[in-house]
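Hi,

Here is the structure I promised to pass on.

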Amino acid sequence: MTQDVPKFPADTMAPQRLAGILTFLQEAERLKDTIRSGSTRKGRPESTAEHSWRLALMVLLFEKELDGIDLLKLVKLCVVHDLGEAISGDIPAPLQQDGDDREARERQDFQTLCNGLPEDISEDLLSLWDEYAGAATAEARLAKAFDKLETILQHHLMPPQSAEFHAFNLTYGTSRTEQFPLTRQIREIVDARTRALVSEAQDRNG
């Protein structure tokens, strides 16, 4: 009786293709040093890479509630959505303005980051970035909704902040989180905690 031999990926790959992937990976590491406006619970500035990791973890945890959603696509979108910030950095939401060309700049930076990749991989990643930016699919809209929720949840863990800091979160990203029953449900819990933090901050300041 013969056993089925499992199929493994190719043992080796073209040296130029491998070099391009490793170079991209090393350049993408910059995201670890890209600082966001939030911090960890101990007060250390949070990196964009840390945000993207927890966003991907977040959607994995809700896998069983996301029937009909391409989970692999959703995770991919979460992983790549902020990669352009590895070059240009993060602009905090309160400082973002209409007409500031932020999205076009981030796409250009992401494209620059992808330049050394094999063409097929570069095209795949840019397609994911465009899908996210354009909220073109249910997966992209979900990624945007979870992105807002993860950000606010991280703000809940930070050392004490001002009432104004937390009050901003009560309207932040609502147009994204209200699009799905699940994200609306999560948002209700998140907003309740945000309102409590606003009250606590007001009490501290008398």
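Glu46 has a relative accessibility of 5%, so it counts as buried. Keep in mind that this is a predicted model. The salt-bridge partner of Glu46 is Arg36, with 3.3 Å between the closest N and O atoms. The two sit 10 residues apart and link distant parts of the chain, Arg36 being in strand S1 (residues 35-39) and Glu46 in strand S2 (residues 45-47). Arg36 is at 14% relative accessibility, which means that it counts as buried too.

As you know, side chains of opposite charge can pair when their charged atoms come close.

One is Glu131 with Lys73, where the closest N and O atoms are 3.3 Å apart. Glu131 belongs to helix H6 and Lys73 to helix H3, so this bridge ties together parts that are 58 residues apart in sequence. Glu131 is buried, with a relative accessible area of 11%, whereas Lys73, at 24% relative accessibility, counts as partly exposed.

The other is Arg187 with Asp191, whose side chains meet at 2.8 Å, N to O. Both are in helix H10 (residues 181-204), and because they are 4 residues apart there, about one helical turn separates them. Arg187 counts as buried at 5% relative accessibility, and Asp191 is buried as well, with a relative accessible area of 12%.

Now for helix H5 (residues 102-114). Which residues of H5 are buried? They are Glu106, Asp109, Phe110, Leu113 and Cys114. Around the axis they cover an arc of only 140°, so they lie on the same side of H5. What do these buried residues pack against? Their neighbours are H1, helix H3 (71-80), helix H4 (85-88) and helix H6 (119-133). H3 and H6 are also the helices that hold Lys73 and Glu131.

Last, the surface. Met13, Leu18, Leu22 and Leu25 form a nonpolar patch there, and together they have about 350 Å² of accessible area. Leu18 is in helix H1 (residues 15-28) and, at 36% relative accessibility, counts as partly exposed. H1 is also one of the helices that the buried residues of H5 pack against.

Cheers

Methods: Residues numbered from 1 in each chain as written. Predicted model: local features only at pLDDT ≥ 70, side-chain atom pairs only at ≥ 80, totals over all residues. Heavy atoms only, no water. Patch = residues over 30% accessible without salt bridge, like charges linked within 9 Å, V, L, I, M, F, W, Y side chains within 5 Å. Areas by Shrake-Rupley, 256 points an atom, 1.4 Å probe, with all protein chains shown as cover. Salt bridge = Lys/Arg side-chain N within 4 Å of Asp/Glu carboxyl O. Buried < 20%, exposed > 50% of the residue type's maximum accessible area, 1.4 Å probe, protein only. Arc of directions from axis to C-beta. Contact = heavy atoms within 4.5 Å.
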